[in-house]
Amino acid sequence: MPSGSAIRGTRVGSGPIRPTERCEPAPRRSVTYWCANDHTIEISLAAEVSPPVTWDCPRCGQPAGLDATNPPGKPRSEPYKTHLAYVKERRTDADGAAILAEALANLRQRRGEN
């Protein structure tokens with residue numbers, strides 16, 4: 001009694017048997033990025049694609065740029081903001097007072113406290 005795969009000579013996740021016969025790889029070019037920690041990153045991109053301005057360094061996680069003499073610095077991290085801080089950016093104190101008064105009026109109406 002046979003066991004294993006019904007298709008002999010293959011495994012799950014394997015690629016095509018003869019990729020050179022089925023397709024031709026797209027033309028590529030190499031692009032080099034440098035990070036502030038003196039790491040060099042070389043990636044391959046399609047020839048017709050313009051390279052992104054920055055690329056994350058796989059060694060340290062810092063942004064890397066196309067200019068070796070002037071790599072980008074560490075990104076500025078924003079301080080944690082609470083939900084209330086975001087609401088205060090969008091609303092004035094007068095808007096907040098009006099919304100609160102409307103909500104309290106609706107609550108009192110539902111409770112029957114007029």
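Glu42 counts as exposed, because its relative accessibility is 58%. Please keep in mind throughout that what you see is a predicted model.

Where does Glu42 sit? The residue is found in strand S2, and Thr32 is the residue that stands opposite Glu42. If we set aside residues up to four places away in sequence, Glu42 touches Ser30, Val31 and Thr32. With Ser30 there is a polar contact between the side chains, at 2.7 Å. As for Val31, 11 residues separate it from Glu42 in sequence, while the two C-alpha atoms are 5.6 Å apart in space.

Let me now widen the view to the sheet as a whole. Four strands form an open sheet, with antiparallel pairing, and their order is S2-S1-S4-S3. Strand S2, residues 40-46, and strand S3, residues 54-56, each have a single partner strand, so these two stand at the edges and one side of each lacks a neighbour in the sheet. On average, and ignoring direction, neighbouring strands of this sheet are turned by 45° against each other.

We can go through the pairings one at a time. Strand S1, residues 28-35, pairs with S2 in the antiparallel sense over seven bridges. The hairpin of S1 and S2 has four residues between the strands, and within this hairpin Asp38 takes a positive phi near 60°. S1 is also joined to S4 by two bridges, again running antiparallel. Here Cys35 stands opposite Ala64 in S4. Finally, S3 and strand S4, residues 63-65, run antiparallel and are joined by three bridges.

Which residues make up the largest nonpolar core? There are eight in all: Val31, Tyr33, Cys35, Ile41, Ile43, Leu45, Cys57 and Ala64. Strands S1 and S2 each supply at least two residues of this core. In a regular strand, side chains alternate between the two faces of the sheet. With that in mind, I would draw your attention to Val31, Tyr33 and Cys35, which are among the core residues, and to Ile41, Ile43 and Leu45, which also belong to the core. Glu42, by contrast, counts as exposed.

Leaving aside neighbours within four places in sequence, Cys57 is in contact with Cys35, His39, Ile41 and Gln62.

My last item is electrostatic in kind. How many salt bridges does a search of the whole structure find? The search finds one. Lys81 forms this salt bridge with Glu89, and the closest N and O atoms are 2.4 Å apart. Lys81 counts as partly exposed because its relative accessibility is 27%, whereas Glu89, at 52%, counts as exposed; the cut-off for exposed is over 50%.

That concludes the presentation, and I welcome your questions.

Conventions. Residues are numbered from 1 along each chain as its sequence is written. This is a predicted model: local features need pLDDT of at least 70, side-chain atom pairs count only at pLDDT 80 or more; totals for chains, interfaces and linings use all residues. Side-chain values use heavy atoms; hydrogens and water are left out. A salt bridge is a side-chain nitrogen of Lys or Arg within 4 Å of a carboxyl oxygen of Asp or Glu. Buried means under 20% relative accessible area, exposed over 50%, partly exposed in between (1.4 Å probe, protein chains only). Two strands pair if DSSP finds at least two bridges between them. Axes are lines fitted to C-alpha atoms, for helices over the stretch in contact, and angles run from 0 to 180 degrees between N-to-C directions. Contact means heavy atoms within 4.5 Å. A polar contact is a pair of N or O atoms within 3.5 Å; within protein, one must be able to donate a hydrogen and the other to accept it, and residues adjacent in sequence count only if both atoms are side-chain atoms. A nonpolar core is a set of buried Ala, Val, Leu, Ile, Met, Phe, Trp, Tyr and Cys residues joined through side-chain atoms within 4.5 Å.
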